[in-house]
Amino acid sequence: MKGDRVEIVIDAGGTPRTYEMVATKAGRRVDIANRRGLVEVSEVTRSGTAVRTARFMASRILALVEHPAADRADE
């Protein structure tokens, strides 16, 4: 859903670095997969096709924060 966002904080040799993956268009979402010591964060379309993908070593991740899109039920 547009507005989905994931922040990844990485240990980059003494200085933490922050990366952000955002669902940029309506109908897209951000998926997270943990495989073989790698964390893969992808922006995915409705049909399941990955548009952008970022991979990080799981041992280097300090924080992984998911910010789901706000539901607009009050409108």
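Is Ser42 buried or exposed? That was my opening entry, and I took it to a predicted model.

**Ser42.** I found Ser42 in strand 4. Its relative accessible area is 8%, and the cut-off for buried is under 20%, so Ser42 counts as buried. Next I looked for a partner for its side chain, and a polar contact of 3.3 Å joins Ser42 to the side chain of Thr53. Setting aside neighbours within four places in sequence, I listed Arg29, Val30, Asp31, Ala50, Arg52 and Thr53 as the residues in contact with Ser42.

**Layout.** I then stepped back to the whole chain. I noted 6 strands and 0 helices, which gives β-β-β-β-β-β from the N terminus on.

**Core.** I looked up the largest nonpolar core and wrote down 11 residues, including Val6, Ile8, Ile10, Val30, Val39, Phe56 and Ile61. Strand 1 (5–11), strand 4 (38–44) and strand 5 (50–57) each give this core at least two residues. The largest share, 3 residues, is from strand 1.

**Ile61.** Beyond its neighbours within four places in sequence, Ile61 is in contact with Ile8, Val9, Ile10, Val39 and Phe56.

**Totals.** Of the 75 residues, 27% count as buried. The accessible surface comes to about 5300 Å², and carbon and sulfur atoms hold 47% of that surface. Among contacts with a separation of 6 or more, I noted that 39% link residues 24 or more positions apart.

Key
Residues numbered from 1 in each chain as written. Predicted model: local features only at pLDDT ≥ 70, side-chain atom pairs only at ≥ 80, totals over all residues. Heavy atoms only, no water. Core = buried A, V, L, I, M, F, W, Y, C linked by side-chain atoms within 4.5 Å. Buried < 20%, exposed > 50% of the residue type's maximum accessible area, 1.4 Å probe, protein only. Helix = DSSP H or I, 4+ residues; strand = E, 2+ residues; numbered from the N terminus. Contact = heavy atoms within 4.5 Å. Areas by Shrake-Rupley, 256 points an atom, 1.4 Å probe, with all protein chains shown as cover. Polar contact = N/O pair within 3.5 Å; in protein donor to acceptor, adjacent residues only side chain to side chain.
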